[in-house]
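Welcome! Take a moment to look over the sequence and the model below, and then we can walk through its side-chain contacts together.

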Amino acid sequence: MIPFEPYPRHNREIHFGIQYETEALGRIDELEGGKAKLGSRVMEAEETIDSLNTKIAATEKTKHRLEAELEELAMEYERTHAAAVITEKRAHNFDKVVGEWKCKADDLMAELDACRSESRNYSSEVYRLKAAY
């Protein structure tokens with residue numbers, strides 16, 4: 001006698017096939033959900049990269065503008081510094097000339113004072129001589 005099998009072998013294989021298929025479909029759905037999440041994360045990352053690339057481009061543009069402005073300011077500084085050095089030399093020479101003229105003026109004032117004193121002496125001598133004559 002053949003032992004009684006509640007499910008014939010064929011039915012068991014079908015049952016296991018259905019069970020594996022159900023588990024596989026669940027796993028496939030889980031994997032596809034993970035794939036969709038990863039896809040959205042990749043898209044977010046790409047958008048972030050694009051945004052950062054835009055910011056980098058704007059920053060580079062600002063950097064180049066600031067470098068050009070700095071170069072202009074450096075050239076302007078050099079011109080101004082050269083003009084200041086020339087002006088300082090002229091001021092020094094001017095002060096030297098003014099000092100020389102001041103010495104000449106002081107000498108002339110001393111000579112004028114001496115002449116006035118001598119003139120007063122001659123005037124008083126003339127007055128004395130007129131009075132004695």
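## Getting oriented

Helices here are DSSP runs of H or I with at least four residues, numbered from the N terminus. What you are looking at is a predicted model. Helix α1 covers residues 9-132, and it will come up again and again below.

## Salt bridges along the helix

How many salt bridges does a search of the whole structure find? There are 3.

One of them joins the side chains of Glu-69 and Arg-65, with an N to O distance of 3.8 Å. These two sit 4 residues apart in helix α1, which puts about one helical turn between them. Glu-69 is partly exposed at 40% relative accessibility, and Arg-65 is also partly exposed, at 48%.

## Two further pairs

Arg-27 and Glu-30 also form a salt bridge, at 2.8 Å from N to O. Both belong to helix α1 and are 3 residues apart, or about one turn. Arg-27 counts as partly exposed, with 44% relative accessibility, whereas Glu-30 is exposed at 52%.

In the salt bridge between Arg-79 and Glu-76, the N to O distance is 2.6 Å. This pair is likewise in helix α1, with a spacing of 3 residues, about one turn of the helix. Arg-79 has a relative accessible area of 49% and is partly exposed; Glu-76 is partly exposed too, at 39%.

## Around the rings

Which residue lies over the face of Trp-101? Look for Lys-104, at 4.8 Å from the ring centre. As for aromatic pairs, the structure holds 0.

Terms used
Residues are numbered from 1 along each chain as its sequence is written. This is a predicted model: local features need pLDDT of at least 70, side-chain atom pairs count only at pLDDT 80 or more; totals for chains, interfaces and linings use all residues. Side-chain values use heavy atoms; hydrogens and water are left out. Rings of Phe, Tyr and Trp (its six-membered ring) pair if their centres lie within 6.5 Å; planes under 30 degrees apart count as stacked, over 60 as edge-to-face and the rest as tilted. A charge sits over a ring if NZ of Lys or CZ of Arg is within 6 Å of the ring centre and within 35 degrees of the ring normal. A salt bridge is a side-chain nitrogen of Lys or Arg within 4 Å of a carboxyl oxygen of Asp or Glu. Buried means under 20% relative accessible area, exposed over 50%, partly exposed in between (1.4 Å probe, protein chains only).
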